[in-house]
Amino acid sequence: MLRPQSTATRELLNLDGLWNFKVDFNGEGFNQNWAAKPLDTKLQAPVPASYNDIFTDTAIRNHVGWVFYQRSVRVPRGFAGERINVRIDSATHEGIVFVNGKEVARHVGGYMPFSADITDHVKAGEAFNLTIAVNNVLTNETIPPGRVVTGDNGVKTQTYLHDFYNYAGLARSIWLYSVPAVNVQDVTVTTGFDGSTGKVGYQVVTSTSADVRVTLIDEDGKDVASATGASGELAVANVKLWQPGAAYLYQLKVEALVGGQVADEYSVNVGVRTVEVRGNQFLINNEPFYFTGFGMHEDHVVKGKGHDNSFLVNDFELLKWVGANSFRTSHYPYAEEVMDYADRHGIVIIDETAAVGLNQNFAGMFGGPKLPTFGPETGNEKTQANLLQAVRELIQRDKNHPSVVLWSITNESETGIPEAVDFFKPAFDLARELDPTRPVTYINVMTEPFAKCLVAPLADVICLNRYWGWYEDHSDLDNASKHFEAELKGWTEKYPSVPFIVTEYGADTIAGAHSIHNLPWSEEYQSSYLEMSNSVFDKFPGVVGEHVWNFADFQTKPGIFRVLGNKKGAFTRDRQPKAAAHTLRARWSTLNNRKPSGK
Ligand code: BDP
C-alpha cells in the first residue's frame with residue numbers, strides 16, 4: 001500500500017486535529033453502535049498522539065480495551081469522480097474504521113498503516129461521520145505479545161514482557177485521499193552502480209492494465225533517465241550516490257498511461273546505494289561502515305508515541321550533534337515521516353518489527369507466571385502467523401527507503417531452544433524472499449550466549465544487547481570489561497565471518513546525579529561505563545557498530561522497578577545532554593563512519 005501523496009492526479013486531505021473521544025469502560029461501544037451516531041462525550045483527544053498522558057483521569061491512562069475517536073469530515077468537491085480512500089498511519093494496537101456507522105476497515109498491528117476505499121459510502125462535497133475504534137489489548141497472539149490479567153478487585157491490567165510503556169491511540173496521521181480509477185498500486189525500487197553509472201531497477205503494479213512510464217529526476221529537477229514498461233532498469237550517468245551522512249535523492253516519477261494520456265502519477269525518492277555483508281564487514285557502497293548511534297523510542301512527554309515534526313527534526317539535530325550515523329527503530333516500526341527524514345539526511349536505519357517480549361524468561365522480572373515461551377498459551381501458530389504478517393508489512397512499507405540497511409526480525413526473544421528456530425526461521429526466510437537486497441538480523445539477549453543461542457546461524461549480522469557493568473557486574477567496571485571481552489571473543493571466534501553490532505549497552509543515570517566515587521546512577525558512571533564498553537569493542541574487528549541504549553530517557557510500564565521511566569538515555573526525556581552525550585560526541589564526531597582504527 002503506497003503512502004498517500006498529492007500529485008497532478010491525486011488529492012490529499014490531512015485529518016489531524018482534535019477528535020471527539022470516548023473510552024469504552026464497560027465494553028458497550030459496539031453493541032450500542034457508538035459509531036453510528038455522534039459520540040456522547042465531552043472529551044476531545046488530539047490526533048496524532050497517544051491518549052494515555054493527555055488526560056488527568058487515571059482510569060483513562062490505565063484503561064484496557066477499546067476507545068472511540070470520531071469527527072466529521074467533508075469530502076472536498078475536487079474528489080468527485082475519483083476513488084476516495086481513508087488512511088490510518090497507525091492505530092495501536094487494533095483499529096476498526098466506520099463511515100457513517102458502517103465498518104470499512106479493520107487492522108491488527110499497532111505500528112503499521114492501513115486504508116480503505118470508501119468511494120461507495122461518501123459523496124464529494126458532502127460531510128460524513130468518521131469513527132475509529134482503537135484497542136490497546138495485547139494477547140499471546142499479538143506482536144508484541146502481552147496478557148490481560150484481572151486482579152482480585154476485578155480491575156483489568158495489561159501485562160507484557162517489555163519495559164516501554166504500552167502507549168495507545170492514534171499516534172500518527174489520518175488522511176483522506178483520492179486516486180484515479182486507473183492507478184499506480186505499488187512501486188519497488190532496487191539500486192546499484194558500476195563505476196560512475198548508477199542502476200535503478202524498478203517494478204510497477206497498476207490497478208488495471210495500463211502503460212507505464214518512469215522518469216528519474218535529479219535534485220536540480222533535471223530528467224536523467226526514463227523508460228517505459230512495468231519493470232526495467234534505468235542507467236544513470238555520473239551517478240551521485242546516497243552516502244551515510246551525505247544523502248542524495250533522485251525522484252522516480254511513475255506514470256500510468258491509458259491511450260497515451262496520464263491517468264495517474266506517483267513519485268518515490270530513490271537513493272542509489274548498495275548494502276552488503278562481506279566476511280565480518282558491513283559494506284555500504286562497497287566501503288566498510290561502522291554504526292554509531294542508538295536504539296531509540298518514539299517517546300515524548302504528553303504525546304507519548306504521538307508523531308510530531310518538531311520533535312522529529314530536533315531528535316535528528318541531536319543525532320547529528322552527537323555524531324551518530326545510525327539508529328535502530330527499537331522496538332517497532334517508526335512513523336513514515338521518520339523514515340523519509342532519515343533518507344533525506346543520510347542517517348542509516350536498522351528497521352525492526354514489533355516482535356519484542358517473546359521471552360518468558362523475563363516473566364519473573366516483569367511479573368506474571370513463567371510459562372514456556374513457545375506453546376499453545378504463549379507463542380503459538382497464530383503468533384507466528386502475526387510475526388510473518390509484521391515482516392511482510394514492514395518490508396512492503398519500507399522497502400524503498402535507502403536509509404534502511406538491515407531488517408531486524410525480533411528483539412531479545414528466547415533463542416536457545418529448538419522451538420525458537422522453528423518459530424523464527426520462516427520469518428528470516430520470508431524477509432529474504434521479499435527483499436533479497438538487504439541483510440537480515442535479530443537482536444540477541446544476554447541470557448542466550450554464543451554457546452546456547454540457536455538462532456544466530458540464521459542471521460547475516462548478529463546483534464547483541466549487553467549490559468556488562470549494569471545488570472551484570474553492577475558497579476564493577478573492571479570485571480565487566482573482562483567479561484565483556486571474553487564474551488565477544490567467544491562470539492567472534494564461533495562466527496568469524498559474521499559482522500556483530502552491539503545494539504544495546506547502557507546504564508540508568510539520573511541527570512544531575514554526580515559521584516566522585518563513580519557510583520551507579522551518576523553521570524560519571526554512565527560515561528565510564530560507555531568508555532569501558534567502547535574500548536572493548538575496539539579490540540574486535542568483527543564488531544562493526546555500537547548503539548547505546550538509549551538515545552533518551554523514556555516512559556516505562558507500571559510494575560517494573562524503574563524510577564519514573566528508563567533512565568539509560570544519553571539525553572533526558574526533554575532532550576538535554578547528560579555527560580554521556582558529551583563523551584559519545586567526543587568519540588563519534590571524529591570517526592567518519594569508520595572504526596576508531598580507521599578500518
Ligand atoms: C533490554 C531491552 C530494552 C530495555 C533494556 C533495559 O531490549 O527494551 O529497555 O534492556 O533494561 O532488555 O534498559
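Q: Which residues lie nearest the centre of the largest cavity, and how many line it?
A: H297, E298, H300, D315 and V338 lie nearest the centre, out of 18 lining residues. A cavity here is a set of points, on a 1 Å grid over the protein atoms alone, where a 1.4 Å probe fits but cannot get out, and a lining residue has an atom within 4 Å of a point. This is a predicted model, where local features need pLDDT of at least 70, side-chain atom pairs count only at pLDDT 80 or more, and totals for chains, interfaces and linings use all residues. Residues are numbered from 1 along each chain as its sequence is written, and side-chain values use heavy atoms, with hydrogens and water left out.

Q: What volume does the largest cavity have?
A: About 190 Å³, counting the space filled by probe spheres set on the points, with grid points joined across faces, edges and corners.

Q: Which helix gives the most to that lining?
A: Helix α2, residues 309-322, with four residues. Helices are DSSP runs of H or I with at least four residues, strands are E runs of at least two, and both are numbered from the N terminus.

Q: And the lining by class?
A: Seven nonpolar, five polar and six charged residues. Ala, Val, Leu, Ile, Met, Phe, Trp, Tyr, Cys and Pro count as nonpolar, Asp, Glu, Lys and Arg as charged, and the others, Gly among them, as polar.

Q: What about the second largest pocket?
A: That one holds about 460 Å³. Of its 25 lining residues, F362, M365, E412, Y467 and Y471 are the closest to the centre.

Q: Which polar contacts does it have?
A: Among them, a side-chain N or O atom of Y471 is 2.4 Å from a ligand oxygen, and for E504 the distance is 2.8 Å. R562 has a polar side-chain atom 3.0 Å from an oxygen of the ligand. A polar contact is a pair of N or O atoms within 3.5 Å; within protein, one must be able to donate a hydrogen and the other to accept it, and residues adjacent in sequence count only if both atoms are side-chain atoms.

Q: How many bridges join β15 to β16?
A: Ten, between residues 184-194 and 197-206, running antiparallel. Strands pair if DSSP finds at least two bridges between them. V187 has V204 as its bridge partner, and G195, in the two-residue turn of this hairpin, has a positive phi of about 60 degrees.

Q: Last one: what order do the strands take in the open sheet of three?
A: β22-β23-β24, with antiparallel pairing. β22 (275-278) and β24 (287-288) are at the edges with a single partner strand each, so one side of each has no neighbour in the sheet.

Definitions and conventions: On a 1 Å grid over the protein atoms alone, a cavity is a set of points where a 1.4 Å probe fits but cannot get out, and a pocket is an open set with protein on both sides within 12 Å along at least five of seven lines; lining residues have an atom within 4 Å of a point.
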